Amino acid sequence: MAANQGPAYVPVDDLTALESKLRELDRWGTDLHANRRPDLVARSASVLGRGQTDDIVELALNFHEDLAIMHQGRLEAICFCYPSSWIPSERIGWTLAEIHQPVADGELLRQMSQRIAEVIATKSMRRHVWTISTTGELSNHPKMVKPEVTDQTTIEDLYFRMETQTTVPVGDGETALFLVRVDTCPLWEIWQDVEKQQAIIKSIDSMTDSVLQYKNLVKIKEVLNI
């Protein structure tokens, strides 16, 4: 994670992006959102210049990014239309360390969670997290049925998934916004760049078995190394 020098979010400026989020909200309902601190949502809306609302869903629909609010290191409000294999509303009230508990080989991350929570409440930070999936959908909700990797699976059946995670301090030294933009593209498009192709294979080949299992990359690793 590094200091963020650019804009924290992309405003929704077309119906396509808005309709995409609304479809997911209709599909998964309250799996995707929860809010136990409307006051923090209202303060966040003001900081983001998005008018007056204490509704986390209404606020999140303003952006391409998904949105969560952390206060004193604990998740107080969230609307994630495009989760990565987890149910957002189940994490409400959790600390950052508890949220990171399932992460494979994540001992150091969990140990640093309180410090991370303190930093993002005072500085805007950004990091990128990627994986490879069998679906090009922005949502990877755990209840989705995704294509299985088989002996017939090739590069043309896979998708590169990138999360751009950006934090924004609200200004009280205790509260941070967590914005996540999800982008996907067919993996074969990236495979045209030999350097990127080699970097991805090298990274996956270096992952431990527990990380490969956590990221659902065990069989995908075999496909990439054919």
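Q: Buried means under 20% relative accessible area, exposed means over 50%, and partly exposed is in between (1.4 Å probe, protein chains only). By that rule, is Thr131 buried or exposed?
A: Keep in mind that this is a predicted model, in which local features need pLDDT of at least 70 and side-chain atom pairs count only at pLDDT 80 or more, while totals for chains, interfaces and linings use all residues. Residues are numbered from 1 along each chain as its sequence is written, and side-chain values use heavy atoms, leaving out hydrogens and water. Thr131 has a relative accessibility of 16%, so this residue counts as buried.

Q: Where does Thr131 sit, and which residues does Thr131 touch beyond four places away in sequence?
A: Helices (H or I, at least four residues) and strands (E, at least two) are DSSP runs, numbered from the N terminus. By that count, Thr131 belongs to strand β5, residues 125-133. With contact taken as heavy atoms within 4.5 Å, and residues up to four places away set aside, Thr131 touches Tyr159, Phe160, Arg161, Lys215 and Leu217.

Q: What is the radius of gyration of the protein, and what would a compact globule have?
A: The radius is taken over C-alpha atoms, and the globule rule is 2.2 Å times the number of residues to the power 0.38. Those C-alpha atoms fill a box of roughly 55 × 40 × 30 Å along the principal axes. For 226 residues the rule puts a compact globule near 17 Å, which agrees with the protein's 18 Å.

Q: How far apart are the centres of the positive and negative side chains?
A: Lys and Arg count as positive, Asp and Glu as negative, and His and the chain ends are not counted. Each charge is placed at NZ of Lys, CZ of Arg, CG of Asp or CD of Glu. There are 23 positive and 33 negative side chains, and the distance between the centres of the two sets is 5 Å.

Q: Which residues have the most contacts inside the largest nonpolar core?
A: A nonpolar core is a set of buried Ala, Val, Leu, Ile, Met, Phe, Trp, Tyr and Cys residues joined through side-chain atoms within 4.5 Å. The largest one has 36 residues, and the best connected inside it are Ile56, Leu67 and Leu177. Elements giving it at least two residues each include α1 (15-28), α2 (38-47), β3 (66-71) and β7 (175-186). To name the three again, they are Ile56, Leu67 and Leu177.

Q: How many residues are in the second, separate core?
A: Ile200, Val211, Leu212 and Leu224 are included in this other core. In soluble globular proteins, nonpolar side chains tend to be buried together. The size of the second core is 20 residues.

Q: Is Gln165 buried or exposed, and which residues does Gln165 touch beyond four places away in sequence?
A: Gln165 lies in strand β6, residues 159-169. At 6% relative accessibility, Gln165 counts as buried. Setting aside residues up to four places away, its contacts are Met125, Arg126, Arg127, Val129, Phe178, Leu179 and Val180.

Q: How far is the C-alpha atom of Ala3 from that of Thr166?
A: Ala3 is in strand β1 (residues 2-3) and touches Ser124 and Met125, not counting residues up to four places away in sequence. Along the chain, Ala3 and Thr166 are 163 residues apart. Their C-alpha separation is 9.4 Å.

Q: What is the phi of Ser85?
A: Most residues other than glycine have a negative phi. Ser85, in the loop between β4 and α4, is partly exposed with a relative accessible area of 40%. Its phi is positive, near 65°.
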